[in-house]
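Please read this report alongside the sequence and the three-dimensional model. It moves from the overall fold to the side chains.

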Amino acid sequence: MPAAYEIRAGGDVKNKKQSMAELKLRRLNELNSRLKEDLERPRIRVSEASMSLIQYCQNTKDFMVPSLWGSVHKNDDPYAPQQPNTCCSVM
């Protein structure tokens, strides 16, 4: 007759606790390395970034704002519908 209850070794619970602790340690180490990478990332001041953005917007022609930059020839406009090719195209 088989036994109704099985006797378990107490080491199983200890192994689970140890593996959970190792998992937590690995996650903390990964977080620590990501934070170190963030600290090493080069930074610039907000004033420098905003001046760079303003200069880019003033010097780069935006085809979507013709009231500011004037009308654009269809050859130069990247947003204009493309002319269909009369040749075959491979998809």
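The sections below treat the basis of the model, its elements, its surface and its side-chain contacts.

## Basis

This is a predicted model, in which local features need pLDDT of at least 70 and side-chain atom pairs count only at pLDDT 80 or more, while totals for chains, interfaces and linings use all residues. Residues are numbered from 1 along each chain as its sequence is written, and side-chain values use heavy atoms, with hydrogens and water left out.

## Elements and exposure

The protein chain contains 3 helices and 0 strands, where helices (H or I, at least four residues) and strands (E, at least two) are DSSP runs numbered from the N terminus; the order is α-α-α.

Of its 91 residues, 2% count as buried, a class defined as under 20% relative accessible area, with exposed over 50% and partly exposed in between (1.4 Å probe, protein chains only). The chain exposes about 9,700 Å², 57% of which is supplied by carbon and sulfur atoms, with areas taken from the Shrake-Rupley method and, for residues, only the protein chains shown counting as cover.

## Nonpolar patch

L28, L31 and L35 make a nonpolar surface patch of about 280 Å²; patches consist of residues with over 30% relative accessible area and no salt bridge, nonpolar side chains (Val, Leu, Ile, Met, Phe, Trp, Tyr) being joined within 5 Å and like charges within 9 Å. L28 belongs to helix α1 (residues 11–40) and counts as exposed at 55% relative accessibility.

## Salt bridge

The structure holds 1 salt bridge, meaning a side-chain nitrogen of Lys or Arg within 4 Å of a carboxyl oxygen of Asp or Glu. R41 and D38 form a salt bridge through their side chains at 3.1 Å, N to O; R41 is partly exposed at 45% relative accessible area, and D38 is partly exposed at 30%.

Conventions
Accessible areas come from the Shrake-Rupley method with a 1.4 Å probe; for residues, only the protein chains shown count as cover.
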